[in-house]
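Dear colleague,

My notes on it come after the display.

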Amino acid sequence: MAITREHVLQALSTVPVDANGTDLVASGRLSDVVVDDAGRVMFSITIEPSEAASMERVRQAAVTAVQGLPAVKGVFASLTADRPAGVGPSGSSPGGARPRSAAQPKNQRIPGVQHVIAVASGKGGVGKSTTACNLALGLKALGLKVGLLDADIYGPSMPKLLGIHGKPRLLENRILEPMEAYGIKVMSIGFLVEEEAAMIWRGPMVMSAITQMLREVAWGDLDVLVVDMPPGTGDAQLTMAQATPLAGAVIVSTPQDLALIDARRGVSMFKRVEIPILGIVENMATFVCPHCGQSSHIFGHGGARDEASRLGVPFLGEVPLNMTIRELSDSGRPVVVAEPEGPHARIYKDMAQQVWTALAGGAAARPAPRIVIE
Ligand SMILES: Nc1ncnc2c1ncn2[C@@H]1O[C@H](COP(=O)(O)OP(=O)(O)OP(=O)(O)O)[C@@H](O)[C@H]1O
């Protein structure tokens with residue numbers, strides 16, 4: 001018998017949330033309950049930030065209750081807290097103070113993971129996921145142990161980019177085993193929910209889903225965990241910044257003015273939460289005609305380099321607009337592994353080297369202190 005929403009609600013109505021015995025469904029804290037065709041169940045529980053610890057027990061009880069239903073193949077439940085007062089829609093808070101929600105784990109390290117870096121963009125479609133994936137493989141090519149977390153909940157692309165099929169295994173204590181491709185460990189919401197269901201992950205649910213994917217996955221020992229962020233500069237990015245000690249962020253932009261304005265916003269958002277900018281990448285910089293070999297600058301050229309220098313952050317390189325990059329990505333064989341000695345792989349490997357040098361030096365983008373001899 002297929003599992004339905006009603007079955008799930010019935011199970012959740014047996015879970016008490018307070019000493020008076022109010023049940024989860026009656027408490028009004030339950031989000032919409034989503035059940036997909038494969039029998040996986042998703043929901044979130046709304047809490048006050050101060051209730052994070054006590055309500056975690058309720059979340060676990062809710063998971064247990066739903067898991068006990070026949071035909072349930074998986075449960076993804078999260079606690080969500082409203083934005084703290086004073087934090088605007090783009091995540092800004094008056095006076096530039098670092099906004100925090102007590103519902104999120106605060107900057108705890110992920111055991112075994114040396115450095116977590118974010119790959120971000122101010123807007124969608126600029127090639128952030130392509131860059132994150134090839135940068136991760138470039139780091140791997142340096143001999144490092146690398147993980148890749150696809151936190152782009154709105155449009156997870158790593159399963160396709162890396163040609164990964166199947167579902168991650170559930171280990172003990174609700175911990176997921178990451179998938180593997182080309183020698184890197186990979187986790188994506190795309191492994192857990194169908195594409196259409198991913199679109200349901202909105203607003204506060206996104207925050208909690210990201211922290212779960214960071215912490216409830218057996219990453220093991222990693223030198224670098226690369227996180228492909230959702231595009232934009234909103235809550236999900238701020239959650240990320242707050243949930244884990246990010247060693248730095250790489251910002252991807254195309255050379256267009258509008259993309260650059262968004263990239264600038266991305267840089268300032270990370271700076272506001274004191275996360276070093278590892279550098280800016282210009283993607284789709286030049287178009288080399290496959291027929292005549294002539295280069296043209298469809299979106300303009302050099303804008304990101306200029307912007308990086310204006311903002312005082314490193315410029316990590318420019319990736320041309322190239323059909324091979326696109327075709328290989330579409331077929332699940334990223335260019336760094338498909339053509340490891342080719343010119344495009346070289347660009348990503350150089351990028352990886354610069355990022356690793358900054359990380360290993362511990363300096364990231366922090367300016368060295370100025371020594372004044374008097
Ligand atoms: N340098 C490039 N040359 C050619 N095609 C590219 C390049 N970079 C990315 N693409 C293609 O552009 C499309 C968007 O890229 P990608 O998914 O990496 O962008 P994104 O910024 O992560 O998008 P979203 O925010 O929508 O997830 C993909 O089809 C990808 O193959």
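This is a predicted model: local features need pLDDT of at least 70, side-chain atom pairs count only at pLDDT 80 or more; totals for chains, interfaces and linings use all residues.

Residues are numbered from 1 along each chain as its sequence is written.

The protein has 13 helices and 12 strands, where helices (H or I, at least four residues) and strands (E, at least two) are DSSP runs numbered from the N terminus. Of its 374 residues, 47% count as buried; a residue is called buried if 20 or more other C-beta atoms, placed from the backbone, lie within 10 Å of its own, exposed if 12 or fewer do, and partly exposed in between. Among contacts between residues at least 6 apart in sequence, 75% join residues at least 24 apart, a contact being a pair whose C-beta atoms, placed from the backbone, lie within 7 Å.

Around the ligand there are 20 residues, of which Gly124, Gly127, Lys128, Ser129 and Thr130 come nearest; a residue belongs here if its C-beta atom, placed from the backbone, lies within 6 Å of the molecule. Two or more residues of this shell come from each of helix 3 (128-141), strand 10 (277-288), strand 12 (315-321) and helix 11 (323-330). By type, the shell divides into 6 nonpolar, 11 polar and 3 charged residues, with Ala, Val, Leu, Ile, Met, Phe, Trp, Tyr, Cys and Pro counted as nonpolar, Asp, Glu, Lys and Arg as charged, and the others, Gly among them, as polar.

The axes of helix 3 and helix 13 (residues 343-360) come within 8 Å and cross at roughly 70°, where axes are lines fitted to C-alpha atoms, for helices over the stretch in contact, and angles run from 0 to 180 degrees between N-to-C directions.

Which residues of helix 11 are buried? They are Ile325, Leu328 and Ser329, and because they fall within an arc of 100° seen down the axis, they line one face of the helix; the arc is that of the directions from the helix axis to the C-beta atoms. Their cover includes helix 3, helix 4 (158-161), helix 12 (335-338) and helix 13, whereas the face turned away from the buried side carries the exposed residues Met323, Glu327 and Asp330. Helix 11 is followed by glycine 332, which has a positive phi near 75°.

Helix 10 (residues 303-311) can be described in similar terms. Its buried residues are Gly303, Ala304, Glu307 and Ala308, and they cover an arc of only 135° around the axis, so they are on the same side of helix 10. The exposed residues Ser309 and Arg310 sit on the face turned away from that side, and just after the helix glycine 312 takes a positive phi of about 70°.

Two other backbone values deserve a look, since most residues other than glycine have a negative phi. Tyrosine 182, in the loop between strand 6 (179-181) and strand 7, has a positive phi of about 50° and counts as buried because it has 21 C-beta neighbours inside 10 Å. Glutamate 274, in the loop between helix 9 (257-272) and strand 10, has a positive phi near 60°, and it is exposed, with 10 other C-beta atoms within 10 Å.

Finally, methionine 187 lies in strand 7 (residues 184-188) and is buried, with 27 C-beta neighbours inside 10 Å. Leaving aside neighbours within four places in sequence, methionine 187 is in contact with Leu149, Asp150, Pro168, Leu176, Pro178, Met213 and Val217.

Note on methods: Two residues are in contact if their C-beta atoms, placed from the backbone, lie within 7 Å.
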